[in-house]
Amino acid sequence: MIRGHDGFGSEVHAVVQGEVFIYPTETLYALGCSALDPDAAEEVVRIKGRERHKPLPLIVGCVDQLDIAVCGLSPDVHALARGFWPGPLSIVLPGREALSPRVKDPLGHTSVRLTSHPLARELCMHLGAPLVSTSANPAGEDPASDPAHLHPGLIRSVHRVITGPPHPRGGLPSTVVRIVDRGTLCVLRCGAVTRKELQAAGWRVIETE
């Protein structure tokens, strides 16, 4: 296991392409890999026991990495990003062809957010790609924000575990939204960003498309 410290460059730079690893985000520990590596993404699905029809979510380390992950960056996308990124708001957008099929739904869409966790952001920048960022727990079990609560079987199944600090703060996972019309969002998963916060920022929020 790799344990981080105030300067976590050595931990980040130990990660290589093709690895599946556990790492901290602003909310929870994540199980991930490069979003451009289809074999590693398949391994994430297998290790987690995730239903194969459920696409894996992504994080990016900077706004420029959005161009690697998604297209369709409308003015509304930029407005959401200015208001809520970096932070736990995931936006569903058309995914690029280069992404692993496991991160896209049947329509080719993926969910992505700019993480506010410094170590997670540095991992993205080190690998030069968005990262798969599904919660680090077997499907159906509770996610972990404390490294002591990471599932032992999951730890044994990955190449590397990076615990931080900073540790995740816990609480709810990211909120997932889709832009359905100019100024209108559909909330696909309620999470750390509340409907009230979205509405206070000027968005019309609906429950179903």
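1. Strands E9 (residues 175–181) and E10 (residues 184–189) run antiparallel and are joined by five bridges. Within this pairing, Ile179 has Leu185 of E10 as its bridge partner. A word on terms: helices (H or I, at least four residues) and strands (E, at least two) are DSSP runs, numbered from the N terminus, and two strands pair if DSSP finds at least two bridges between them.

2. Some background before you go on. This is a predicted model, in which local features need pLDDT of at least 70 and side-chain atom pairs count only at pLDDT 80 or more, while totals for chains, interfaces and linings use all residues. Residues are numbered from 1 along each chain as its sequence is written, and side-chain values use heavy atoms, with hydrogens and water left out.

3. E9 and E10 belong to an open sheet of seven strands, in the order E6-E3-E5-E4-E9-E10-E11, with mixed pairing. The edges are strand E6 (131–132) and strand E11 (204–206), each of which pairs on one side only. As a reminder, strands of a sheet pair through backbone hydrogen bonds, either parallel or antiparallel.

4. Thr175 is worth a look, and you will find this residue in strand E9. Is Thr175 buried or exposed? Thr175 has a relative accessible area of 1%, so it is buried (under 20% relative accessible area; exposed is over 50% and partly exposed in between, with a 1.4 Å probe and protein chains only). A polar atom of its side chain lies 2.9 Å from the backbone nitrogen of Gly191. Leaving aside residues up to four places away in sequence, Thr175 touches Pro88, Leu89, Ser90, Val187, Arg189, Cys190, Gly191, Ala192 and Val193 (contact means heavy atoms within 4.5 Å).

5. Next, the hairpin. Strand E1 (residues 21–24) and E2 pair in the antiparallel sense over four bridges, and four residues lie between the two strands of this hairpin. Pro24 stands opposite Tyr29 in E2. E2 is also joined to E7 by two bridges, again antiparallel, and here Ala30 stands opposite Ser135.

6. In a regular strand the side chains alternate between the two faces of the sheet. For E2, Tyr29 and Leu31 point one way and Ala30 and Gly32 the other way, and all are buried.

7. Helix H2 (residues 38–48) has Ala40, Ala41, Val44, Val45, Ile47 and Lys48 buried. What do the buried residues of H2 pack against? They pack against strand E2 (29–32), E6, strand E7 (134–135) and helix H6 (152–157). Asp37 caps the N-terminal end of H2, with a side-chain oxygen 3.1 Å from the backbone nitrogen of Asp39. After H2 comes Gly49, with a positive phi near 75°.

8. Helix H5 (residues 118–127) has Leu119, Ala120, Leu123, Cys124 and Leu127 buried. Seen down the axis of H5, these buried residues fall within an arc of 145°, so they line one face of the helix (the arc is that of the directions from the helix axis to the C-beta atoms). Gly128 follows H5 and has a positive phi, near 70°.

9. On to the cores. The largest nonpolar core has 43 residues, of which Ile22, Leu31, Leu80 and Leu198 touch the most other members (such a core is a set of buried Ala, Val, Leu, Ile, Met, Phe, Trp, Tyr and Cys residues joined through side-chain atoms within 4.5 Å). Elements giving two or more residues to this core include E2, H2, strand E3 (58–60), strand E4 (89–94) and strand E5 (109–114). H2 gives the most, with five residues. Apart from this core lies another, of 13 residues, among them Val15, Ile59, Ala120 and Leu131.

10. Leu73 sits in the loop between helix H3 (66–69) and helix H4 (75–84). Its relative accessibility is 27%, so Leu73 counts as partly exposed. Not counting residues up to four places away in sequence, Leu73 touches Leu66, Asp67, His78 and Leu93. The C-alpha atoms of Leu73 and Pro88 are separated by 18 Å, the two residues being 15 apart along the chain.

Key. A polar contact is a pair of N or O atoms within 3.5 Å; within protein, one must be able to donate a hydrogen and the other to accept it, and residues adjacent in sequence count only if both atoms are side-chain atoms.
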